[in-house]
Amino acid sequence: MSFVRSTPLPFSRPSINQEDIDGVVDVLKSGWITTGPRCAAFEAAFREYLGAEHACALTSATAGMHLVLSALGIGPGDEVVTPSMTWSSTVNLITLLGARPVFADIDRRTLMVTPESVENVLTPRVRAIIPVHFAGAPIDLTAFRKLAADRGVALVEDAAHALGTECRGERIGRRGTAIFSFHPIKNITTGEGGMVVSDDRELIEKVKLLKFHGLARDAWQRYARMGALQDEVALPGFKYNLTDIQASLGITQLKRLNELNRRRAFLAGLYDRRLAGIEGFDPIRPPSYPHLHSHHLYVVLLKLERLRLSRDEFLVELKKRNIGTGIHFRAVHTQYYYRECAGFGPGLLPETEWVSERIFSLPLYPDMTEGDVEDVAQALADTLAAARK
Ligand SMILES: *Cc1c(COP(=O)(O)O)cnc(C)c1O
């Protein structure tokens with residue numbers, strides 16, 4: 001083994017500064033730590049950043065997906081189209097609501113579903129389509145909006161990777177309905193958290209009702225009215241409200257988002273140049289339409305045909321060289337429940353399965369140094385050389 005970095009390089013690490021820490025401490029000292037004024041301020045700042053009409057802060061993007069699908073009335077007998085090259089939460093929720101997931105294949109060069117691949121699997125039972133803006137690149141919103149409107153189905157964007165992403169000059173989330181995540185690996189974090197944004201007032205009001213037991217007002221709103229009687233349950237709801245402790249982090253992180261994304265873009269550019277000189281990866285193509293990438297992930301496709309190792313074995317070798325990696329994603333339809341119990345499985349989505357066996361994510365986070373990128377490139381070159389057939 002030639003190159004081994006002296007300390008482990010994590011795959012991801014949140015960027016937390018003193019203002020983030022001070023803000024959280026202030027909330028803890030304030031006497032109000034759950035949903036309240038900080039949440040309202042975070043929602044307002046988020047709306048302003050995106051130019052969006054309505055926003056609702058929640059405990060996770062998964063919670064947001066649950067509430068949006070519930071608000072749309074998705075249930076037994078319905079179908080929902082989504083990629084299998086995604087995080088499992090969307091597919092799990094479709095299943096838990098009693099509806100059926102329908103998987104659209106991806107383009108192996110862009111890693112995203114296309115209007116054509118979605119159209120291929122549309123049936124009269126499909127009520128919604130949920131494409132994923134992948135790794136920080138946008139789907140073609142113009143084409144997907146037209147498809148959804150023509151077919152009379154809801155378009156819900158999984159924007160977990162797309163905070164700061166633009167498609168044809170328009171920021172993701174400005175129009176339509178999109179769901180963002182603030183999990184620690186995402187472009188900004190609240191520890192855990194998520195945000196639903198929408199230009200559909202009726203939809204967002206239902207989401208807001210469902211997020212807190214089905215009560216029209218949350219605890220803060222009742223407290224602010226001092227002594228008002230407890231509201232009644234308008235419909236059975238969940239408990240998905242974000243705390244003010246988390247919202248404080250959201251406010252201070254959002255202020256730095258553009259700066260953090262610029263740093264990600266710089267590091268991704270270094271990877272591009274370094275990896276261009278290393279044989280061993282299949283090309284990934286940026287979208288052909290005008291866009292701004294948020295560089296949430298730096299994913300690569302391993303040229304398996306030339307190696308004696310599987311992708312998983314390759315990642316173990318990188319780990320021995322102190323380089324952490326991630327897998328985004330293992331195709332959901334090939335995982336145990338969906339393979340053994342739900343009637344899906346290998347063979348269904350050739351492009352997705354091809355990508356699923358080869359894809360992994362390199363370390364990428366704002367606090368990485370140029371030297372860290374160099375270490376990753378060296379470890380990749382060495383591991384590839386040692387694993388060649
Ligand atoms: C992270 C992620 C989610 C889930 O976000 P949570 O906030 O953890 O619920 C959903 N979809 C994609 C594509 C993701 O990467």
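These notebook entries record what I looked up in the structure, which is a predicted model.

**Entry 1. Domains**

I began with the division of the protein into domains. The domain assignment gives domain 1 as residues 18-255 and domain 2 as residues 257-387. I then looked up the separation of their centres, taken over C-alpha atoms, and found 26 Å. The contact between them takes 44 residues from domain 1 and 38 residues from domain 2.

**Entry 2. The area between the domains**

I noted a general point before reading the next value. The size of an interface is often given as the accessible area lost when the parts come together. For domain 1 and domain 2, the buried area is about 3600 Å², and 60% of it lies on carbon and sulfur atoms. I asked which residues of domain 1 lose the most area to domain 2. They are Met85, Arg108 and Asn187, which together make up 19% of what that side buries.

**Entry 3. Polar contacts and the side of domain 1**

I next looked up the polar contacts between domain 1 and domain 2, and the count is 25 residue pairs, with both residues at pLDDT 80 or more. I also listed the elements that give two or more residues to the side of domain 1 that touches domain 2. They are helix H4 (89-96), strand E3 (100-104), strand E6 and helix H9 (244-255). E3 gives the most to this side, with four residues. Sorted by class, this side of domain 1 has 21 nonpolar, twelve polar and eleven charged residues.

**Entry 4. Salt bridges**

Side chains of opposite charge can pair when their charged atoms come close. I found a count of 24 salt bridges for the model. How many of them cross the interface of domain 1 and domain 2? The rule finds one there. I then examined the pair Arg108 and Glu351, whose side chains meet in a salt bridge at 3.1 Å, N to O. This pair links distant parts of the chain, as the two residues are 243 residues apart. Arg108 is in the loop between E3 and helix H5 (115-119), whereas Glu351 is in helix H13 (residues 350-358). I had already met Arg108 in Entry 2, among the residues of domain 1 that lose the most area to domain 2.

**Entry 5. An antiparallel sheet**

I turned to the strands. Three strands form an open sheet in the order E7-E6-E11, and their pairing is antiparallel. Which strands lie at the edges? They are E7 (170-171) and E11 (291-292), each of which pairs on one side only. Strand E6 (residues 166-167) is joined to E7 by two bridges. I looked up the partner of Cys167 in E7 and found Glu170.

**Entry 6. Parallel pairs**

Strand E2 (residues 79-83) pairs with strand E4 (residues 126-129) in the parallel sense, over three bridges. Here Val81 stands opposite Ile129 of E4. E4 also pairs in the parallel sense with strand E5 (residues 154-158), over two bridges. On that side, the bridge partner of Ile129 is Leu155 in E5.

**Entry 7. Backbone exceptions**

Most residues other than glycine have a negative phi, and most peptide bonds are trans. I looked for exceptions to both. Leu111 is not a glycine, yet its phi is positive, at about 70°. Leu111 is placed in the loop between E3 and H5, and Arg108 is in that loop as well. The peptide bond joining His328 and Phe329 is cis, with omega about 15°. I located Phe329 in the loop between helix H11 (311-320) and helix H12 (336-341).

Notes. Residues numbered from 1 in each chain as written. Heavy atoms only, no water. Pairing = 2+ DSSP bridges. Domains from an automatic or database assignment. Contact = heavy atoms within 4.5 Å. Buried area = accessible area lost by both parts, 1.4 Å probe. Salt bridge = Lys/Arg side-chain N within 4 Å of Asp/Glu carboxyl O. Polar contact = N/O pair within 3.5 Å; in protein donor to acceptor, adjacent residues only side chain to side chain. Nonpolar A, V, L, I, M, F, W, Y, C, P; charged D, E, K, R; others polar.
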